[in-house]
Structure formats: structure tokens, C-alpha cells
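Thanks for asking me to look this one over. Here are my notes, written to be read with the structure open beside them.

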Amino acid sequence: MVTKKKEDKKDMRSSKAYKFIVGFIIAVALIIFIISSVILVIKIVPDTFGLVAATFQSVKEEAPVETADISADKTSIKSGDGINFSWGNLNEDTAYSLIFLCGDDSMEIRANGQTLSCDEYIVINNNDNNENVVFVTDKDSVNVSTIFESEDSTGDIETIKQIDLTVSNNNTSVTTETVRTTNVSTTPNTRDLYIRLVRSGVVNNTAYIQFEVGNSGSISTGTWQFRAILPTASVSDRVFVSNIQTSLSSGSGIIYTLTFSNLESGTNQAIIQIDPQNIVSESNESNNQLALNFRGNGDTSYNSDDRADFNIDLLGYGILIGNRYTETRDIDQNDELAIRFRVRNIGGEETEDWR
């Protein structure tokens, strides 16, 4: 009996030790699992926040940035006139500027209460939606590129738009009206540009010449130009060259009204030349010029002490091919240069012989 009780006690102790060991192992495993889970969570959470932050940053970077467009009320003006630039609402955290590129030392630009030169700029007030800019030059014509730029808080500069302008001193304007002519040649394959005076006059020292240019040939002329030598007090306004004109079909014509101001004092001649470079091959070249006199009271006066006074006007230059004069700026080394000019006596007495 004693032996059996001892064995029962031994079995009981073995069972308790076994349970303790198993429980200890389970507790250790549970602690290891908890620690591993905590470490994993600590590792994953920053990565998740980083991924979310990167996603928002990517969306922010790819989101289109609104820019304010700009426009001008005109792209061609006379010296001393203004151009109004306008735009939409501007971003408050962005700086904007207008840059004027023209490469002309004599150009004066007045904007935003400042006087600028070419290649300088003005800073735009973000609360404004327009700016009036005045351009002044003593050149016949100057091309100006106006660039609208933005600069964000990081210093990145963006060109929003470029507007090309022309500033000139020319006081001449032209209007047109299409007409038809019945005087058409029956000779095949002929072109014949002609010019005909319709009317002319002077009002308050501003002159106008209304003239018709037509094609009395039997086929279309192709493109062409005309040039006017005008009796203006300003030397820079005396020569007017038209843009390229569209082809005139057989029997068609255009009435032009050429207006110019600031007439030279006294009686002086205006000359209009059709196809001055002889680009159009015509059956009759003798009807391409119109000349008429105007009397003005402009700033340039005749010599008051009755002495002779020479005045010279450049009409053009080009080359001679045989006896034919062709106006061109493409002059090669061996070409025979020709210069066309007009000499007048605007004094009050006859000149002596001269050369």
C-alpha cells in the first residue's frame, strides 16, 4: 500500500511538470507572436503613410496649373500710340511680368508708370487685369515681341504667351473696293496692269488719292505690289510700299483710297507705281504710274530768302540687266547696281547747272 501511494504521488508530480512546461512554451510563443506583430505593424504603418503621402504628392504634381492667358487689342500701331494688354485672374502665389524684346536702342516704352527700353520688363500687379503700354520710336518700323511670363514660389519661370507687334512712324492708310472693268484685251495670254485716278483732295493738311488698279489682259496677273512716293514733311513717311496684293483675274480691278497726312509745304508731286519691281510680265508697261500734285502747309517750308534749295528722295535700288531696271535687294558681286532717286528744287529761285 505504501509503495502504490508513492507511485501515485510521482505520477502527479510528473503531470504538473508537463503542464507547466507546455504552458510555458505556449506563453513564450504567444509573447513572440505579439512582439512580431508589433514589429510588423511598426514597419507597415510608416510605409503606408509614405505611400499615401507619395500618392497625394504625385496627384499634386500632375494636377494642371491654371495660367492666365493674355491678349492685345491690336498688333500694329503708330509710334506714340498705346496697346492695351488684358488677361484673366492671376494666381496670388505667382509673380507675373511683361518683357519687351525689340533690339532697338531708340525705342521708348511707357508702362505701369515707368519708362523702359527694349529688353526690359515690368512686374504685373496680381490684382490688375490689364495694362496699357505706349511705344515710341523714331524708326520707320520696329518689330516688338511682348512675352508674358510667370514665376512660381519655387523660382520656376514659364512663358505663358508671346505677342508680336509692329510699331511704325508711317501715317499712311489704305482702303480697298473691288470693281470690274470692261476694257479687256482679246489677245491671248496677256497680262496688263493699269492704274487710273478716280479722285483726290486735301482736307486739313490730310491728302487722299483714290485710284483704280485693274487687269485689262486676258489672263490673271499673279501677285503684285504698288509703291507710293508721297509729298510728306516727314522723310520717313515719304515712301509707302504695299503688302503683296492678290492676283487680278482678267477684267477685274480694285479701287484703293490712299490717305496720308503732314503734307510738305508748297506744291509737290505724289507718284504711285504699280509693280515697281517689274515682276509681272505685261503687254503694256507704260500705264503703271500715276502722278499728281498736292499743295500743303506742313512743317517743311520753302526757303524764304528766294535761294535755290535742292531736295532728294530715294525711290529705290536694284540692278540693271541690259537696259532694264529691276528693283531687288538680292544683289550679287558682279551685278550692276542701279539707284533710282528724285531731285527737286524746293527753293524760291532757279538753280544753276548742277551734277
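1. **The chain as a whole.** Please keep in mind throughout that this is a predicted model. The protein chain holds 1 helix and 21 strands. Of its 355 residues, 35% are buried. The accessible surface is about 22,300 Å², and carbon and sulfur atoms account for 51% of that area.

2. **Contacts along the sequence.** Take the contacts between residues at least 6 apart in sequence: 70% of them join residues at least 24 apart. Several of the points below give examples of residues brought together from separate parts of the chain, such as Phe-226 and Tyr-256, which are 30 residues apart.

3. **Strand 13 and its two partners.** Strand 13 (residues 206-215) and strand 16 (residues 252-261) run antiparallel and are joined by 9 bridges.

4. **Cover over strand 13.** Is strand 13 mostly covered or mostly open? It is mostly covered, since 8 of its 10 residues are buried. Phe-211 is a clear case, with a relative accessible area of 0%.

5. **Aromatic pairs.** The model has 9 aromatic pairs. One of them joins Phe-211 and Phe-226 edge-to-face, at 5.6 Å centre to centre and with 80 degrees between the planes. Phe-211 is in strand 13 and Phe-226 in strand 14 (residues 226-229), so this pair ties together parts that are 15 residues apart in sequence. Phe-226 is buried, at 1% relative accessibility. Phe-226 also pairs with Tyr-256: the ring centres are 5.1 Å apart and the planes stand at 65 degrees, so this pair is edge-to-face. It links distant parts of the chain, with Phe-226 in strand 14 and Tyr-256 in strand 16. Tyr-256 is buried at 1% relative accessibility.

6. **The cluster they belong to.** Which residues make up the aromatic cluster around these rings? Phe-211, Trp-224, Phe-226, Phe-240 and Tyr-256 form one cluster. Strands 13 and 16, which contribute Phe-211 and Tyr-256, are the antiparallel partners joined by 9 bridges.

7. **The disulfide.** The count comes to 1 disulfide. It is formed by Cys-102 and Cys-118, with the sulfur atoms 1.6 Å apart. The torsion about the S-S bond is about -100 degrees, so the disulfide is left-handed. Cys-102 sits in the loop between strand 4 (95-101) and strand 5 (108-111), and Cys-118 in the loop between strand 6 (114-116) and strand 7 (121-124), so the pair ties together parts 16 residues apart in sequence. Cys-102 and Cys-118 are both buried.

8. **Two residues of strand 4.** Ser-97 lies in strand 4 and is buried, with a relative accessible area of 12%. Leaving out residues up to four places away in sequence, Ser-97 touches Tyr-121, Ile-122, Val-123, Ile-124, Ile-147, Phe-148 and Glu-149. Leu-101 is in strand 4 too, but at 35% relative accessibility it counts as partly exposed. With neighbours within four places set aside, Leu-101 is in contact with Asp-119, Asn-143, Val-144, Ser-145 and Ile-147. The C-alpha atoms of Leu-101 and Asn-143 are separated by 8.6 Å, although the two residues are 42 apart along the chain.

Conventions
Residues numbered from 1 in each chain as written. Predicted model: local features only at pLDDT ≥ 70, side-chain atom pairs only at ≥ 80, totals over all residues. Heavy atoms only, no water. Pairing = 2+ DSSP bridges. Helix = DSSP H or I, 4+ residues; strand = E, 2+ residues; numbered from the N terminus. Disulfide = S-S within 2.5 Å. Buried < 20%, exposed > 50% of the residue type's maximum accessible area, 1.4 Å probe, protein only. Phe/Tyr/Trp six-rings, centres within 6.5 Å; stacked < 30°, edge-to-face > 60°. Contact = heavy atoms within 4.5 Å. Areas by Shrake-Rupley, 256 points an atom, 1.4 Å probe, with all protein chains shown as cover.
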